[in-house]
Amino acid sequence: MESRDRRRAATLTEIKAAARRLLVSGGTSAVGLRAVARELGLTPPALYRYFPSHEALISALIADLYDELTTSLMSLQTGDIDLGNRLFLLANGLRD
């Protein structure tokens, strides 16, 4: 059962990575279930085993991006600098 769970997790990661590549290269309109399936060599109905809808895929992608942003911004925080410099670092990190 663990191997099956690992394969499912790996497939979810691949699907989200393909969706992200499409998002970066073509914007939000490029991230369709058919386009993601084509990118992975799957049929569109196969994606429904992993995401019940296009909105669910987009929500998962957004959640991953917010997690990455949070991790990135948290890594910039240091306790030794004053508030102004901390805000400057965070603003630059957010922009990046």
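How are H1 and H4 oriented relative to each other, roughly parallel or roughly perpendicular? In this predicted model, local features need pLDDT of at least 70 and side-chain atom pairs count only at pLDDT 80 or more, whereas totals for chains, interfaces and linings use all residues. Residues are numbered from 1 along each chain as its sequence is written, and side-chain values use heavy atoms, with hydrogens and water left out.

The axes of H1 and H4, which are lines fitted to C-alpha atoms over the stretch in contact, with angles running from 0 to 180 degrees between N-to-C directions, come within 10 Å and cross at roughly 85°. The two helices are therefore roughly perpendicular to each other, a term that covers angles of 65 to 115 degrees. In this contact (heavy atoms within 4.5 Å), Ile15, Lys16, Ala19, Arg20 and Leu23 of H1 meet Leu57, Ala60, Leu61, Asp64, Leu65 and Glu68 of H4. By class, the contact of H1 with H4 has seven nonpolar, no polar and four charged residues.

Helix H2 (residues 33-40) has Leu33, Ala35, Val36 and Ala37 as its buried residues, buried meaning under 20% relative accessible area with a 1.4 Å probe and protein chains only. The cover over these residues includes helix H1 (2-26), helix H3 (44-47) and helix H4 (54-76), and just after H2, glycine 41 takes a positive phi of about 75°.

Glycine 93 lies in helix H5 (residues 83-95) and is buried, with a relative accessible area of 13%. Not counting residues up to four places away in sequence, glycine 93 touches Leu73 and Leu76, and the C-alpha atoms of glycine 93 and leucine 73, 20 residues apart along the chain, are separated by 6.1 Å. Helices here are DSSP runs (H or I) of at least four residues, numbered from the N terminus.

How values were computed:
Buried < 20%, exposed > 50% of the residue type's maximum accessible area, 1.4 Å probe, protein only. Parallel < 35°, antiparallel > 145°, perpendicular 65-115°, else oblique. Nonpolar A, V, L, I, M, F, W, Y, C, P; charged D, E, K, R; others polar.
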